[in-house]
Amino acid sequence: MARVARHLGLALSFGCLAGVDADHHGGCTAGRLFISGMDEAVLHVYDLDDGMVAEVARDLPAAKPAMRLYATHSDAARVVAVWRGDAASNYSGVTQFYRSGITLDDHGDHSDIVKEAPRKYDFELETTSPTHITSSSGYIAIFNDGYWQAGGGSAVVGSSASFVREAELGDGSVTGSVSETRVPIAGGAHHGVAWAMAEDAFLVSLPVASRANFTDGASALPDGFEVRNAAGDLLHDLNDPASPPCLGMHGAALVGQTVAFGCASRGLYQVTYDAAANAAQRLSQVHTAYPDPDSTVPGYRSGAVEGSEAANLFVGTLYDAATSRAPLSERPPSYLFSTQPRAAAASTKQLLETSGSCGWAIDRAARSGGDGAYVAVLNPNGTITVGHFAGDGSAGGARLFELGIGALECSDYSLVEGVGHIFVLDRAASKLHILDPEKAYNGEEGAFATHALPFRPSGAALSLPSSAACLRSESSPTTPTSVAVGGGASRWAVLLVVARLWALRV
């Protein structure tokens with residue numbers, strides 16, 4: 001029955017796997033793309049293997065329309081959906097958890113990829129303004145911003161961090177067997193972040209002092225950190241009010257044992273935690289000085305950071321904070337830059353200009369020889385800038401790729417990181433665009449495909465077990481040819497299914 005279901009899904013391109021037995025096959029996988037709808041409280045799931053975009057679920061329940069999605073980078077590859085709440089709900093938000101249906105069956109000398117129906121876990125969290133999601137050290141971390149207002153009041157809810165052990169979610173639908181480690185945060189609600197640095201070491205951000213005093217105009221962005229265990233004991237204090245380590249922190253990413261934070265000054269703030277070292281030497285920190293593209297513009301900072309585990313690189317934005325809201329013609333150039341973990345500084349050789357972009361994403365694919373990382377930047381004129389950072393962080397130039405859609409409104413589009421691909425959600429035309437950045441950068445054929453969607457997409461996340469991802473040196477899935485997702489099957493496709501079912505009847 002499993003083999004029958006597999007062929008049924010491929011023949012129609014949109015086969016629904018719900019209720020069928022598991023499908024076992026070897027090799028690597030391109031994973032499954034979860035997409036939330038703008039107008040409906042469901043998630044759609046698409047299988048990306050075999051050069052296809054095959055819908056395997058179209059009605060996974062979600063708390064609300066337009067859920068923000070995040071996928072863990074572990075072999076479990078869970079998907080997390082977040083609704084932050086709104087004024088009508090007193091900012092009471094919901095975090096939900098999903099399994100992709102892709103698991104690894106370990107046979108010692110190799111692992112088979114097992115595919116089943118994706119599903120939502122029964123376990124979910126209700127917290128105040130859940131916002132920033134991370135995954136590390138076997139945990140999914142949800143930073144709950146809380147609710148803040150000048151002058152304080154009974155409506156105020158402090159920030160907290162929720163840590164969920166990913167393994168406890170299991171392989172099926174879970175009820176009541178998952179625990180949450182909640183770390184309260186003193187000092188006032190703020191727009192922060194949390195990471196599990198080790199089994200019982202949880203790093204959380206801390207607000208600026210004026211936030212605790214409910215001072216009107218106090219910045220919501222944090223400037224310090226601390227590490228606590230599940231019992232609430234302070235393990236490491238990284239909060240110096242006289243010299244905050246990361247003023248205006250926004251953007252964070254993990255590579256190996258190091259987390260990098262985007263700061264308003266002093267460069268990227270990097271914190272490394274070595275759980276195997278003795279207590280006094282477990283934590284180290286360094287400020288990686290930003291590259292200086294223009295000495296006449298002193299206000300360059302980073303506000304978004306991504307990490308490539310495969311390339312051992314951090315990639316971050318670099319822009320002039322003082323003019324970030326000014327018309328594009330009045331701003332100095334903006335950039336992406338790259339640096340290695342624990343580096344003392346980044347140079348101008350590690351800059352890629354991205355002025356006026358509508359967003360960017362990184363390709364997390366591992367490549368033979370450790371060939372760095374590719375990035376894609378969406379431009380308002382309807383082009384994509386594809387750039388490459390080498391393994392040492394140096395920028396290797398960029399190429400423009402035409403989307404063929406003309407000028408666009410940035411709010412109608414978003415880029416989503418992938419592994420071997422980068423995804424562009426087109427809300428204006430209800431389409432999914434798939435870019436192979438390596439092919440686009442090298443000017444090869446088959447670098448881009450467009451797929452019509454039967455709904456308006458909101459957010460997306462790629463669920464892909466990290467050790468089962470295809471290397472570019474392997475026979476990785478090719479970029480799919482353009483198809484209309486959600487369309488009806490022709491009678492010839494139905495006949496093909498019948499023929500395959502007959503051939504597999506025994």
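Reader: Is Ser129 buried or exposed?
Author: In this predicted model, Ser129 is buried, with a relative accessible area of 4%. The cut-off for buried is under 20%, so Ser129 at 4% counts as buried.

Reader: OK, and where is Ser129 placed?
Author: Ser129 sits in the loop between strand S10 (119-128) and strand S11 (130-136).

Reader: Which residues does Ser129 touch, leaving out those up to four places away in sequence?
Author: The list is Arg84, Tyr91, Gly93, Phe143, Asn144, Asp145 and Gly146.

Reader: Switching topic. How many helices and strands are there in the protein?
Author: The protein has four helices and 36 strands.

Reader: And what share of the residues is buried?
Author: Of the 506 residues in the protein, 53% are buried.

Reader: What's the average pLDDT?
Author: The average is 86, and 86% of the residues score at least 70.

Reader: Where does pLDDT stay under 50?
Author: One such stretch is residues 1-22, for which the model has 53 contacts beyond four places in sequence. Over residues 473-506 the pLDDT is also below 50, and that stretch has 57 contacts in the model beyond near neighbours in sequence.

How values were computed. Residues are numbered from 1 along each chain as its sequence is written. This is a predicted model: local features need pLDDT of at least 70, side-chain atom pairs count only at pLDDT 80 or more; totals for chains, interfaces and linings use all residues. Side-chain values use heavy atoms; hydrogens and water are left out. Helices (H or I, at least four residues) and strands (E, at least two) are DSSP runs, numbered from the N terminus. Buried means under 20% relative accessible area, exposed over 50%, partly exposed in between (1.4 Å probe, protein chains only). Contact means heavy atoms within 4.5 Å. pLDDT is the predictor's confidence in each residue, from 0 to 100.
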